[in-house]
Amino acid sequence: MAGVASAGELARLLPGRVCGVAVDIDGTITERRVSGDFRLSLEAVEALRRLEDAGVRVILVTGNSVMVAAGVARYIGVRGPHVAENGCLVYQRGSVVHACRGTARAAAEALEEELGGLLEPSWQNRCRIHDYAFLVRRVGPEEAWRMAERVLRERGLRAKLSHSGYALHVRPLEASKGLGLRVAMRMAGLEPGCVVAVGDSAMDLEMRDAGVTLAAVGNADPRLREGADLILPGESGGGVALLARAILESL
């Protein structure tokens, strides 16, 4: 497990030259890591804009739908390409690439039918193609996960279950944030060795599979902190802003 880097140590721990930064949205560039609180950190937004202005490509990597990812990217002012639906879709300038071939639609419909009182479909599900999200009600995430696994097993449906800290996601088996990030980096002409990825949840560990340097915000899920290459000294958007400052100072 990496120790928490001080602000002064960050530049030394980064790749020699950073060409791109891949960031999750919820819990990472928001003000806090609290379910239901989606306010973007203005400090992080300003930092990401400064990276773009300095020629560092910023890629959003999120479990949100492609519409949400594209909207956030437009108003933040970052070029992308951007990864949505936990790696299944990659968006750039109005075009969408499907990194996943399968869909979890049948699995999502089964969960909604069997666990309708406990799993509330995300409003974004009507816009989704591969990955579907549910808000957990009246039970804890672990119990909801076990119940969802039982439903899928009894229905003979194969899908991947993951919890982001905000929602329970049901995805195709091949789905991975690392898969989507690899596609996005290839589209942007970026080498993985000069890209830093930042996240807050255990699902963000998947970005490490893309060969990038993985950073965890200071208040990240313990599983991400355990597997990350470095832990930022600030929480959520504040940590991202500190990372951006270190990158800019190293250019």
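Analyst: Happy to! C88 and C100 are joined by a disulfide, with 2.2 Å from S to S; the term stands for a pair of cysteine sulfur atoms within 2.5 Å. C88 sits in the loop between β3 (82-84) and β4 (89-92), and C100 in the loop between β5 (95-98) and α4 (105-114), so this bond ties together parts that are 12 residues apart in sequence. Here helices (H or I, at least four residues) and strands (E, at least two) are DSSP runs, numbered from the N terminus.

A word on the basis: this is a predicted model, where local features need pLDDT of at least 70, side-chain atom pairs count only at pLDDT 80 or more, and totals for chains, interfaces and linings use all residues. Residues are numbered from 1 along each chain as its sequence is written, and side-chain values use heavy atoms, leaving out hydrogens and water.

The torsion about the S-S bond of C88 and C100 is about -70 degrees, so this disulfide is left-handed. C88 is buried, at 0% relative accessible area, and C100 is buried too, at 2%. Buried means under 20% relative accessible area, exposed over 50%, and partly exposed in between (1.4 Å probe, protein chains only).

The count comes to two disulfides. The other bond joins C19 to C194, with 1.9 Å from S to S. Its link is right-handed, with 75 degrees about the S-S bond. In sequence order, the bonded cysteines pair as 1-4, 2-3. C127 is in no disulfide, and the nearest cysteine sulfur, that of C88, is 16 Å away.
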